[in-house]
Amino acid sequence: MGSEMISIRNLKKCFGDNVVLKDISLEISKGSVVAMIGPSGSGKSTLLRCINLLTIPDAGTVNVGGQSIAFDGKHTKLPKAKDLAHFRSKTGMVFQHFNLFPHMTVRQNVMEGMVTVLKIPKQDARITADALLQRVGLSDRADAYPGMLSGGQKQRVAIARALAMKPDVMLFDEATSALDPELVGEVLSVIRSLAADGMTMILVTHEIAFAREVADQVIFMRDGVVVECGPPSVVIDNPEKEATRSFLSRFK
Ligand code: ADP
Ligand code: MG
C-alpha cells in the first residue's frame with residue numbers, strides 16, 4: 001500500500017434526507033499534515049468522525065494504517081466490538097471542547113486510557129504520562145484538576161491524552177476554535193511540533209495562516225464534496241475554483 005496512511009474510497013453519509021458526504025475519496029500519506037477547511041455544515045466533522053468510526057459511513061471504504069473496513073448500507077457487516085475498538089485506537093481525536101474528566105488530575109487524565117484500554121501497568125503509564133506532559137509543556141500542572149487550567153492548557157492535556165494511546169494518526173476538529181485568541185498560539189505550537197516529529201495529522205481549522213504554514217495538503221470542502229485539494233501554495237494562495245476563492249475571501 002506504499003506510503004499511504006489513510007485511504008478513503010467513495011465515502012457516503014446521510015442523516016435522514018440530508019446527504020452530508022457525497023462520494024468522498026482521499027489518500028493521505030504517512031507523515032503528512034492535511035488541513036481541512038470549508039464553511040460550517042460542509043461535512044468536515046462528519047468526515048473526521050467517519051475516519052475513526054465515531055460515525056458509521058453508509059457506503060465506501062475506510063483504510064487506516066493498512067486495515068480496511070468497507071461499508072455497504074444495510075448490508076454492512078460491522079466488525080466485532082473488539083476489532084472496531086482496535087481500528088479506532090489507530091486514530092487520536094482532539095475536539096473543540098476538550099472533554100477531559102473533571103474529577104481526575106491532569107496526570108490521571110493522560111494515564112486513564114493507557115491503564116484501562118491498553119492495560120499498561122500504572123507505574124509505566126505514569127512515566128509515559130509525565131513524559132507526554134513535558135512534551136506539551138505542562139509538567140508543572142500534572143497534579144492540577146482540569147477546572148484549574150486555562151483553555152489552552154486543557155487542550156494541551158487533551159492532546160497528551162490522545163498521544164498516550166500511540167495513535168498512527170491524529171485528528172483535530174477545530175482544536176483552537178473555543179480558545180481565547182491569546183491561548184491559540186500555545187496549542188498551535190504543540191501541533192507544529194507534532195508535525196515536525198512526522199505525525200500524520202488531519203486538522204479541521206479556520207486558522208488559514210497556520211494551515212498554510214504547517215500543511216502539506218489543503219482540502220477545501222463544501223456541501224459534502226471535496227471541491228479542491230492540493231498544496232497550500234495552490235489551494236490557499238492560488239485556488240483554481242471560484243468556490244474556494246469566495247470562501248477564502250472571508251479571511252482576508
Ligand atoms: P462541519 O463540521 O463542516 O461544520 P458537520 O459534519 O458537523 O459539518 O455537519 C454536516 C451536516 O451534517 C450538517 O448539515 C449537520 O447538521 C449534519 N449533521 C452532523 N451530524 C449529525 C447528526 N449526528 N445527526 C443529524 N445531522 C447531523
Ligand atoms: Mg465541524
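Reply: In helix α3, residues 106–116, the buried residues are Val106, Arg107, Asn109, Val110, Met111 and Met114. Buried here means 20 or more other C-beta atoms within 10 Å of the residue's own, exposed means 12 or fewer, and partly exposed is in between, with C-beta atoms placed from the backbone. Helices (H or I, at least four residues) and strands (E, at least two) are DSSP runs, numbered from the N terminus. The cover over the buried residues of α3 includes α4 (122–135) and α5 (151–163), where contact means C-beta atoms, placed from the backbone, within 7 Å.

This is a predicted model, with local features needing pLDDT of at least 70 and side-chain atom pairs counting only at pLDDT 80 or more, while totals for chains, interfaces and linings use all residues. Residues are numbered from 1 along each chain as its sequence is written, and chains are lettered from A and ligands numbered from 1 in the order in which they are written.

Now for a strand. All five residues of β3 (33–37) are buried, so this strand is largely enclosed by the rest of the structure. Val33, Ala35 and Ile37 point one way, while Val34 and Met36 point the other. Strands count as paired if DSSP finds at least two bridges between them. β3 runs parallel to β8 (200–204), with four bridges joining them, and parallel to β9 (217–222), again with four. Val34 has a bridge partner in each neighbour: Ile202 in β8 and Gln217 in β9.

On to the ligand. The residues around ligand 1 are Phe15, Asn18, Val20, Gly38, Ser40, Gly41, Ser42, Gly43, Lys44, Ser45 and Thr46, each with its C-beta atom, placed from the backbone, within 6 Å. By type, the shell has two nonpolar residues, eight polar and one charged. Ala, Val, Leu, Ile, Met, Phe, Trp, Tyr, Cys and Pro count as nonpolar, Asp, Glu, Lys and Arg as charged, and the others, Gly among them, as polar.

Helix α1 has seven of its eight residues buried, so the rest of the structure largely encloses this helix. The buried ones are Lys44, Ser45, Thr46, Leu47, Leu48, Cys50 and Ile51. Just after α1, Leu53 takes a positive phi of about 60 degrees.

How values were computed. Contact = placed C-beta atoms within 7 Å.
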